[in-house]
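Hi everyone, thanks for making time for this.

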Amino acid sequence: MPAPDARRSTHPTRRQVLTAAACLTLLGCVVPAHAAPAGNEAGPFFIEPLAAMPQPPEVAARAFILQDLASRQTLAARQADLSVEPASLTKLMSAWLVFEALRDGKLRPEQTLPVSELAWKAGMAGSARSFLKAGSSVRVDELLRGMVVHNANDATVALAEGLAGSVEAFVERMNRQAEVFGLQATRFRNPEGLSASGHRSTARDLSLIAARLVTDFPDALKLYALQQATVAGVAQPSRNLLLFRDPTVDGLQTGYTEAAGYGMVATARRTSGGVERRLIAVTLGAASPEARANETQKLLNWGYSAFDLVRLFEANQAVATAQVWKGRDRTVRLGRPVPIAVVVPRGQGARLQTSVVRQEPLMAPLRRGQTVARLRVSLGAQHWQDLPLLALDEVPSAGWLGRLWDAIRLGIQ
């Protein structure tokens with residue numbers, strides 16, 4: 001087989017503002033129903049940190065990870081695959097399922113759900129509750145505020161039972177969705193996060209659930225950003241201390257069990273160096289509520305100060321044009337449906353170079369969105385990142401005569 005064809009792109013490297021409109025799902029636009037996050041056509045959701053990355057600060061937590069959502073790059077991690085109790089960070093997956101049900105019309109905000117004895121007991125079993133009364137009925141939008149803002153166990157169980165019919169059925173959905181997300185280290189035993197045998201996750205998996213929640217349901221951040229909420233007549237503040245300290249933080253969840261310690265999944269959106277960026281930070285096993293807030297804030301501040309986000313190509317822009325054999329069209333445009341952006345150490349953006357690598361010959365038929373090449377990104381002489389390039393157009397097969405002619409031409413070559 002011929003060697004891969006590597007071609008230098010002549011497109012200039014530019015540092016540009018990633019606006020919410022341009023970033024599509026990454027910075028707050030709605031994803032179509034049932035759509036997977038664009039730009040995740042092949043490979044893992046996040047790319048592993050590179051050896052040349054700046055070293056993160058010391059973080060007083062058992063495990064942590066910091067993700068850049070626009071570039072899908074992991075900026076720093078320690079013990080990110082350590083199996084731990086997720087505690088109330090479990091509710092990120094519960095929330096994803098509830099927001100999906102609201103999107104699909106399986107739940108309505110004004111709909112009322114009963115508060116069972118089981119939901120009431122879940123509230124009494126931990127300190128996080130909305131003080132719901134057994135036998136009462138509460139609107140879905142109130143229960144959602146209780147789960148998101150109060151971190152309430154009783155509201156979470158009431159939503160789980162109302163959506164799936166039972167806690168057991170809801171947990172089955174949680175675990176099926178974890179499989180869809182590719183979370184091999186996560187297993188749920190309940191929807192609220194109370195300690196249970198086999199109820200496990202990792203910092204890496206929790207960051208991925210958070211990323212999917214933010215990209216699939218960006219409007220959810222309006223709830224996660226609330227500093228307080230009233231549910232069933234009881235007003236309570238959010239347990240996310242960063243909401244009161246950093247106006248760029250708009251979520252997401254805190255958690256605590258005796259075995260897990262204090263954990264947090266936080267996300268922030270800031271403009272840094274003229275570029276708008278969203279980061280997700282996960283810290284697990286901190287010593288106190290104050291410590292988890294401080295250490296998470298430290299990670300976020302470092303992520304914004306130590307890196308630049310560089311946008312290389314626009315959404316649906318042709319990175320290259322490839323020759324197609326046995327197709328109705330002779331060429332196909334290669335690119336991605338979202339802006340192509342990478343993170344580099346601060347001040348290093350001008351050293352970025354790109355080339356396209358693909359196998360020849362490229363045969364029709366080609367589906368729109370089919371992965372047909374890779375964009376190789378280098379930082380100076382160092383390989384930095386590979387990204388899949390997709391066919392931006394459909395190329396059907398040619399007629400029998402066209403296919404025969406191309407077969408003859410390929411045989412001559």
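I'll go through the pockets and cavities, then a surface patch, and then a few spots in the loops.

A word on the source first. This is a predicted model, in which local features need pLDDT of at least 70, side-chain atom pairs count only at pLDDT 80 or more, and totals for chains, interfaces and linings use all residues. Residues are numbered from 1 along each chain as its sequence is written, and side-chain values use heavy atoms, with hydrogens and water left out.

Let's start with empty space. Rolling a probe the size of a water molecule over the atoms shows where empty space is left. Here are the terms: on a 1 Å grid over the protein atoms alone, a cavity is a set of points where a 1.4 Å probe fits but cannot get out, while a pocket is an open set with protein on both sides within 12 Å along at least five of seven lines. Lining residues have an atom within 4 Å of a point. Grid points are joined across faces, edges and corners, and a volume is the space filled by probe spheres set on the points.

So, which residues lie nearest the centre of the largest pocket? They are Ser127, Ala128, Arg239, Gly255 and Tyr256, out of 20 lining residues. The volume of this pocket is about 320 Å³. Strand S8 (249–257) and helix H8 (289–306) each supply at least two residues of its lining, and S8 has the largest share, with four. When I say helix or strand, I mean DSSP runs numbered from the N terminus: H or I with at least four residues for helices, E with at least two for strands. By class, the lining of the largest pocket has eight nonpolar, nine polar and three charged residues. In that count, Ala, Val, Leu, Ile, Met, Phe, Trp, Tyr, Cys and Pro are nonpolar, Asp, Glu, Lys and Arg are charged, and the others, Gly among them, are polar.

Searching the whole structure turns up two cavities of 30 Å³ or more. The largest cavity holds about 70 Å³. It is lined by 13 residues, and those closest to its centre are Val148, Val149, Ser238, Asn240 and Leu252. The classes here are seven nonpolar, five polar and one charged.

The second largest cavity has a volume of about 60 Å³. Its lining includes Val84, Glu85, Pro86, Gly255 and Tyr262. Strand S9 (261–272) and strand S10 (275–286) each supply at least two lining residues, and S9 gives the most, with three.

Let's move to the outside. Trp400, Leu401, Leu404, Trp405 and Ile408 form a nonpolar surface patch with about 600 Å² of accessible area together. A patch here joins residues with over 30% relative accessible area and no salt bridge, with nonpolar side chains (Val, Leu, Ile, Met, Phe, Trp, Tyr) joined within 5 Å and like charges within 9 Å. A salt bridge is a side-chain nitrogen of Lys or Arg within 4 Å of a carboxyl oxygen of Asp or Glu. The areas come from the Shrake-Rupley method with a 1.4 Å probe, and for residues only the protein chains shown count as cover. Leu401 sits in helix H9 (residues 400–412).

Is Leu401 buried or exposed? It counts as exposed, because its relative accessibility is 55%. The cut-offs are under 20% for buried, over 50% for exposed and in between for partly exposed (1.4 Å probe, protein chains only).

Last, the loops. Where are the cis peptide bonds I'd like you to see? One runs from Glu360 to Pro361, with omega near -5 degrees, and another from Ala364 to Pro365, with omega near 5 degrees. Pro361 is in the loop between strand S15 (352–358) and strand S16 (371–379), and Pro365 is also in the loop between S15 and S16.

Arg72 has a positive phi, near 60 degrees, although it is not a glycine. It lies in the loop between strand S2 (63–68) and strand S3 (73–78) and is buried, at 8% relative accessible area. Asn316, with phi near 65 degrees, is partly exposed at 37%.
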